[in-house]
Amino acid sequence: MPEPKWAHPEAIEREYTKTLKQYARRCQRACNELLMPEVPRLVEMAGMRSDALGESEESDEGTWADRLNEILGTVLAALLGRRAQQVFEGMAGPASASDVGVAEFGERVSRFNLRQFVKLVRRVYGEPYAKAEPDLDKLMRAWELENLKLIRSIPERYVDDLQGVIIRAINEGQSATDLRDTIRATYDKPVNRAQLIANDQIGKLNGRLTQYRQQAIGIDEYYWRGVLDWRERAHHRRRERKSFKWSKPPWDGHPGQPIHCRCWASPKWPPRDEVTLQ
Ligand SMILES: [Zn+2]
């Protein structure tokens, strides 16, 4: 019997990536609208500070670092949906992590995974997989919460990093023009991180569902299978077709759990009387 190919939920992953990237692009818009106009004044304040080092630092306006904190606080508040929503007028995509529809994406991955598993089981045993899946909710909910946290961390981490970037640039004595370029050069960061999160999380969920369903019918072991392209980790390649126990994951986790891992677990099918399909 030719082994059926275990497909990756690529279309769902693409759509999740697109949605998270749309959300991440709001970081750029918020900076353009709320931070960029303040750059000349910030640089000016920093210049004044270095002219008058010492006691006189505490003017009514505070230091440039205080002002920077304030501006970035406004940027983050806008990104987290707490204020200044008009900043994002006309932008497509979710306005907040809770707008992403994480639960729906999770459901789609689960249905995709289920269709494949049902097909595979029918092929091997001549009967479909028809388990009740009582604990699946817990698994789905954990994934959902993890994703919401990760999505919220996109603007949070970005603004945090940006603060460090700006402080270094100002301390180096960058002009307003240079500082604007420095800020623009960070605009891809949250978008790239969104892509990384989306790819990683869809694969992780698919892997967890595979484990859940295989163990549900009584499959205790699997064969490690990889995509076998140049992107696959060398130590995953070395695991190709070797068997592993679900109860004893390798040091970096079962297939799909290490970051960006696209490997999958091909069931080691027990005899029919050792599995329960209903
Ligand atoms: Zn892998």
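This is a predicted model: local features need pLDDT of at least 70, side-chain atom pairs count only at pLDDT 80 or more; totals for chains, interfaces and linings use all residues.

Modeller: Let us begin with what a helix is here, because helices are DSSP runs of at least four residues that are numbered from the N terminus.

Colleague: Why is K131 called partly exposed?

Modeller: A residue is buried if 20 or more other C-beta atoms lie within 10 Å of its own, exposed if 12 or fewer, and partly exposed in between. K131 has 17 C-beta neighbours inside 10 Å, and therefore counts as partly exposed.

Colleague: What does K131 touch, if residues up to four places away in sequence are not counted?

Modeller: On that basis, K131 touches A216, I217 and Q278. As for V43, which is 88 residues apart from K131 along the chain, the C-alpha atoms of the two are separated by 64 Å.

Colleague: Which label does Y187 receive, buried, partly exposed or exposed?

Modeller: Y187 has 17 other C-beta atoms within 10 Å, so Y187 is partly exposed. Its place is in the loop between helix 6 (176-184) and helix 7. The C-alpha atoms of Y187 and C31 are separated by 8.9 Å, although these residues are 156 residues apart along the chain.

Colleague: What makes a group of residues a nonpolar core?

Modeller: The group has to be a set of buried residues of the kinds Ala, Val, Leu, Ile, Met, Phe, Trp, Tyr and Cys, joined through C-beta atoms within 7 Å. The largest such core here has 46 residues, and L20, L42, V75 and I170 are those with the most contacts inside it. Among the elements that give two or more residues to this core are helix 1 (10-35), helix 2 (39-51) and helix 3 (64-79), and helix 5 gives the most, with 11 residues.

Colleague: Which residues does L20 touch, again not counting residues up to four places away in sequence?

Modeller: L20 touches V100, I151, A194, I197 and A198. There is also a second, separate core of 12 residues, which includes F117, Y129, I217 and W224.

Colleague: How do you know that strand 1 and strand 2 pair?

Modeller: Two strands pair if DSSP finds at least two bridges between them. Strand 1 (residues 221-225) and strand 2 (residues 243-245) have three bridges, in the antiparallel sense, and strand 1 also pairs with strand 3 (residues 264-267) in the antiparallel sense, over four bridges. Y223 illustrates both pairings, with S243 as its bridge partner in strand 2 and S266 standing opposite in strand 3.

Colleague: What makes H260 partly exposed?

Modeller: H260 has 13 other C-beta atoms within 10 Å, and is therefore partly exposed. H260 is found in the loop between strand 2 and strand 3, and its phi is near 65°, a positive value in a residue other than glycine.

Colleague: How is the chain divided into domains, and which residues of domain 1 touch domain 2?

Modeller: The domain assignment gives domain 1 (10-218) and domain 2 (221-269), and their C-alpha centres lie 28 Å apart. In all, 11 residues of domain 1 are in contact with 14 residues of domain 2. On the side of domain 1, the largest share, 10 residues, comes from helix 7 (residues 188-217), and by class that side has one nonpolar, eight polar and two charged residues.

Note on methods
Residues are numbered from 1 along each chain as its sequence is written. Domain bounds come from an automatic or database domain assignment. Two residues are in contact if their C-beta atoms, placed from the backbone, lie within 7 Å. Ala, Val, Leu, Ile, Met, Phe, Trp, Tyr, Cys and Pro count as nonpolar, Asp, Glu, Lys and Arg as charged, and the others, Gly among them, as polar.
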